[in-house]
Amino acid sequence: MANEMARKLRKQMTPHEVKLWVHLRNLHRERGWKFRRQVPLRGFIVDFACFEAKLIIELDGSHHGEAAQLAADASRDEVLERSGFTVLRFGNEEIDEGMDGVWQQIMQALHPRP
């Protein structure tokens, strides 16, 4: 069921997901970090995952501003973090207006400082 839902979501990427996906694919070509998109993981479907770096990237649209959704997202992030993943969460507006800042956070997560 989760794999079927993930396949469906891969075909329905938002413009924000496409923009980030292009950057992540280039990162793979340039530095070897391989990301997958719309991946079933621990009972969830995550937007982008790099298993080698144990990094999850989630994009939130405007509907994610509701209190119930924020609580569900926080609970989901906690489960993933307990499993050893780092979770980065960005809003669509950050992708539109601040891709440099988004990219900096991703690179810091891929190459943490001691």
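User: Which residue in S2 does Leu41 stand opposite?
Analyst: In this predicted model, Leu41 stands opposite Phe44 in S2.

User: What makes S1 and S2 a pair of strands?
Analyst: Pairing requires at least two bridges found by DSSP between two strands. Five bridges join S1 (residues 36-41) to S2 (residues 44-50), so the two strands count as paired. They run antiparallel. Their hairpin has two residues between the strands, and Arg42 there takes a positive phi near 55°.

User: How many helices and strands does the protein chain have, and in what order do the elements run?
Analyst: The protein chain has five helices and four strands, in the order α-α-β-β-β-α-β-α-α from the N terminus. Helices (H or I, at least four residues) and strands (E, at least two) are DSSP runs, numbered from the N terminus.

User: Where in the protein chain is confidence lowest, and where is it highest?
Analyst: By pLDDT (the predictor's confidence in each residue, from 0 to 100), helix H1 (residues 2-10) is lowest at a mean of 59, and strand S4 (residues 86-91) is highest at 93. The chain mean is 83, and 85% of residues reach 70 or more. Where pLDDT is low, the predicted coordinates should not be read in detail.

User: What share of the protein chain is called buried?
Analyst: Buried residues make up 39% of the 114 residues, each having under 20% relative accessible area (1.4 Å probe, protein chains only).

User: On what basis are these values given?
Analyst: Residues are numbered from 1 along each chain as its sequence is written, and side-chain values use heavy atoms, leaving out hydrogens and water. Local features need pLDDT of at least 70 and side-chain atom pairs 80 or more, whereas totals for chains, interfaces and linings use all residues.

Definitions and conventions. Buried means under 20% relative accessible area, exposed over 50%, partly exposed in between (1.4 Å probe, protein chains only).
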